[in-house]
Amino acid sequence: MRKSVESSVELHPVLAERWSPRAYDADAVIPESDVTAFLEAARWAPSANNAQPWRFIIARRGDAHFQILEKTLMGFNQQWAPNASIFVVVSALTTSKDGKPHTTAMYDAGLSAGLLTVEAHHRGYVVHQIGGFDRDAVKKEFNLDEEIAPIVILAIGKQASSDSLANEELKTRELAPRTRLPLSDLVLVG
Ligand SMILES: Cc1cc2nc3c(=O)[nH]c(=O)nc-3n(C[C@H](O)[C@H](O)[C@H](O)COP(=O)(O)O)c2cc1C
């Protein structure tokens, strides 16, 4: 199913066609070369002072790390996300080498996740960002250092038909039109 954007001007097809489905093919396996490409795209994101304050955890459906992450999902995310082929936890290094707070770390990590998302969609996969998970549990289970802050889990895989969603509420969301604020609300000046 496609949900192309309504834009006043033509956008790059990957950007125009990207959206966040919840119906995933539970049998799809992503070749490691594609997983590497996702990470390379993230690695080459810009960052303040080229500090690259992003760190990733990769889990493949069925492996022990995936099972740990499944348990950290909250609410309705538990119903759909486990069908993804891989989870990527995107974290930010919130403290600089000099011990001071790294003020742009979240922004930088978000940029890297954005580029990863574009590369994945370009390669025929879908990516759904998940903020609804237990960050403290992830920190504990993976024994993360204090300065590493998990931000999102990316559910990446092959899109399936909306009919594969058993839950009616999920199906309704899947079929709902995508909406955005108008540009006039977003541009404060200019
Ligand atoms: C930081 C962040 C957290 C999100 N958390 C969730 C989530 O926990 N569960 C979910 O189903 N979608 C989640 N989403 C997906 C958004 O709901 C989705 O991107 C938004 O509705 C726009 O839809 P689109 O990506 O299809 O354009 C999250 C997105 C972002 C960027």
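Predicted model: local features only at pLDDT ≥ 70, side-chain atom pairs only at ≥ 80, totals over all residues.
Close-up 1. In the side chain of Arg178, an N or O atom lies 2.6 Å from an oxygen atom of the ligand. Asn77 places a polar side-chain atom 2.8 Å from a nitrogen atom of the ligand. On its own the ligand has 620 Å² of accessible area, and the protein covers 62% of this.

**Close-up 2. The shell of residues around the ligand.** The ligand is surrounded by 15 residues, and the closest are Ser20, His128, Gly131, Arg178 and Arg180. Two elements, α4 (77-80) and β3 (126-130), each give two or more residues to this shell. The largest share, three residues, belongs to β3. Sorted by class, the shell holds six polar, five nonpolar and four charged residues.

**Close-up 3. The crossing of helices α2 and α5.** Two packed helices are described by the distance between their axes and by the angle between them. Here helix α2 spans residues 32-43 and helix α5 spans residues 105-122. Their axes come within 7 Å and cross at roughly 140 degrees. The crossing of α2 with α5 is right-handed.

**Close-up 4. Side by side: the residues where α2 meets α5.** From α2, the contact is made by Ala37, Phe38, Ala41 and Ala42. From α5, Ser112, Leu115, Leu116, Glu119 and Ala120 take part. Seven of the residues in this contact are nonpolar, one is polar and one is charged.

How values were computed. Residues numbered from 1 in each chain as written. Heavy atoms only, no water. Near = heavy atom within 4 Å. Polar contact = N/O pair within 3.5 Å; in protein donor to acceptor, adjacent residues only side chain to side chain. Areas by Shrake-Rupley, 256 points an atom, 1.4 Å probe, with all protein chains shown as cover. Helix = DSSP H or I, 4+ residues; strand = E, 2+ residues; numbered from the N terminus. Nonpolar A, V, L, I, M, F, W, Y, C, P; charged D, E, K, R; others polar. Axes fitted to C-alpha atoms, helices over the stretch in contact; angles between N-to-C directions. Left-handed = near helix turned anticlockwise from the far one by under 90°. Contact = heavy atoms within 4.5 Å.
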